[in-house]
Amino acid sequence: MRAEFNDFDRLAMARALELAARGLTTTQPNPRVGCVIARDGRIVGEGWHERAGEAHAEVRALAAAGTAAAGASAYVTLEPCSHFGRTPPCADALVNARIARVIFAIEDPDPRVGGSGALRLRQAGIEVESGLLAAEAQELNVGFFSRLRRQRPWVRIKLAMSLDGRTALANGASRWITGEAARADVQQWRARSSAVLTGIGTVLADDPRLDVRAGGARQPLRVVLDSRLRTPPDARILARPGEVLLFTAADDAARRGALELQGAKVERLAQSLQNLGQVLARLADLEINELLVEAEPTLAGAFLQAGLADELLLYVAPVLLGPQARALAQLPELTDLAQGRRFTLLTSCAVGSDLRLQLRPA
């Protein structure tokens, strides 16, 4: 039977989601989780998970509530965990605090939890309800759910184009199509990503850093698809801080050694790097939740053709570059409009003088 939630339940869960979002850039590889403890229509404790290995949201909220937690309701954005990981089970903490009711937004996709947290609470006599603002909770952790359910990260492709869909001049010049505000906005998307991936073509043409430039920010893993190990040892992407992983098909000990001296980790994949599925599977093994792809039209097109692009982050600049300029993504020629790849627009907003579109496959 579907639970009936009242206005205060919705307010409390919305607040828990706000708290969870505070960990947007810091919780990798863990999910972003918030918790509110309330009784008699009043919030008595709040908490959110900040970093892996540190206290979970429920534990922080219970500490803030103190003795007021006994007999209260707990609103959690994800099913409380029931296993020992880096920290003890949150379900046990709720039981020990004598919480009377637990409302969680959505079941944890982790097979170590997956319903066992709710079962542990019910066995202790706690009233348990779920499904409140579930879609919002899943959206906040779209990468975590992708990794646990599909065994691959959520793939978000960042692209910047002119009004006529061009990304660079015919000679390759592309700095800068978009304005400073758009480039600063990209920093926020990098910061929330577990990893940023590019191809060797972008490394050789643009020599990017692909890091987060905010002081003290957690750096995403930087990943380069480099089939022949052509990354120069002095490439800016190898500059610290942060880790760099190069996927290759080459067996060149000298080049590998030179790159490893610069701090890069080099992995040779058994299959061709054109098999993007194996790349994503390996990144899932490394607990990568959200992957931001910033690459040239060839690699961007490869993700699209393989059906591995979950989302497009498209910046549109108010400029025309003409038909000789380079296209947004390399895709095969179509013979019928019905063959076109269609997308659903999630959000659109002005970023400085540019427009940012967030799209997902229809």
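Trainee: Which residue in β16 stands opposite Y315?

Mentor: R356 in β16 stands opposite Y315. This is a predicted model, where local features need pLDDT of at least 70 and side-chain atom pairs count only at pLDDT 80 or more, while totals for chains, interfaces and linings use all residues. Residues are numbered from 1 along each chain as its sequence is written, and side-chain values use heavy atoms, leaving out hydrogens and water.

Start with β16 itself. The strand covers residues 354-361. Strands here are DSSP runs of E with at least two residues, helices are runs of H or I with at least four, and both are numbered from the N terminus. Six of the eight residues of β16 are buried, so the strand is mostly covered. Buried means under 20% relative accessible area, exposed means over 50%, and partly exposed lies in between (1.4 Å probe, protein chains only).

Now its partners. Strand β13, residues 311-316, runs antiparallel to β16, and five bridges join the two. Two strands pair if DSSP finds at least two bridges between them. Strand β15 is also antiparallel to β16, with eight bridges joining them. There, V351 stands opposite D354 in β16. β15 and β16 form a hairpin with two residues between the strands. In this hairpin, G352 takes a positive phi near 65°.

Move along the order to β8 and β12. These run parallel, and three bridges join β8 (residues 195-199) to β12 (residues 290-293). A195 stands opposite L291 in β12.

Next, the largest pocket. It holds about 1,000 Å³ of space. On a 1 Å grid over the protein atoms alone, a pocket is an open set of points with protein on both sides within 12 Å along at least five of seven lines, while a cavity is a set where a 1.4 Å probe fits but cannot get out; lining residues have an atom within 4 Å of a point. Grid points are joined across faces, edges and corners, and a volume is the space filled by probe spheres set on the points. The pocket has 37 lining residues, and the closest to its centre are K158, S174, W176, T202 and D206. Sheet strand β6 supplies at least two lining residues, as do β7 (166-168), α7 (180-192), α8 (200-206), α11 (297-305) and β14 (326-327). α7 gives the largest share, six residues. By class, the lining has 17 nonpolar, nine polar and 11 charged residues. Ala, Val, Leu, Ile, Met, Phe, Trp, Tyr, Cys and Pro count as nonpolar, Asp, Glu, Lys and Arg as charged, and the others, Gly among them, as polar.

In α11, P297, L299, A300, G301, F303 and L304 are buried. Just after α11, G307 takes a positive phi of about 70°. D207 sits in the loop between α8 and β9. Its phi is positive, near 50°, in a residue other than glycine. D207 is partly exposed, at 28% relative accessible area.

Last, the cavity. The structure holds one cavity of 30 Å³ or more. The largest cavity has a volume of about 100 Å³. It is lined by 17 residues, of which T27, Q28, N30, R32 and N289 are the closest to its centre. Its lining has three nonpolar, 10 polar and four charged residues. Q28 is also joined to P29 by a cis peptide bond, with omega about 5°. P29 is in the loop between α1 (7-20) and β1 (34-39).
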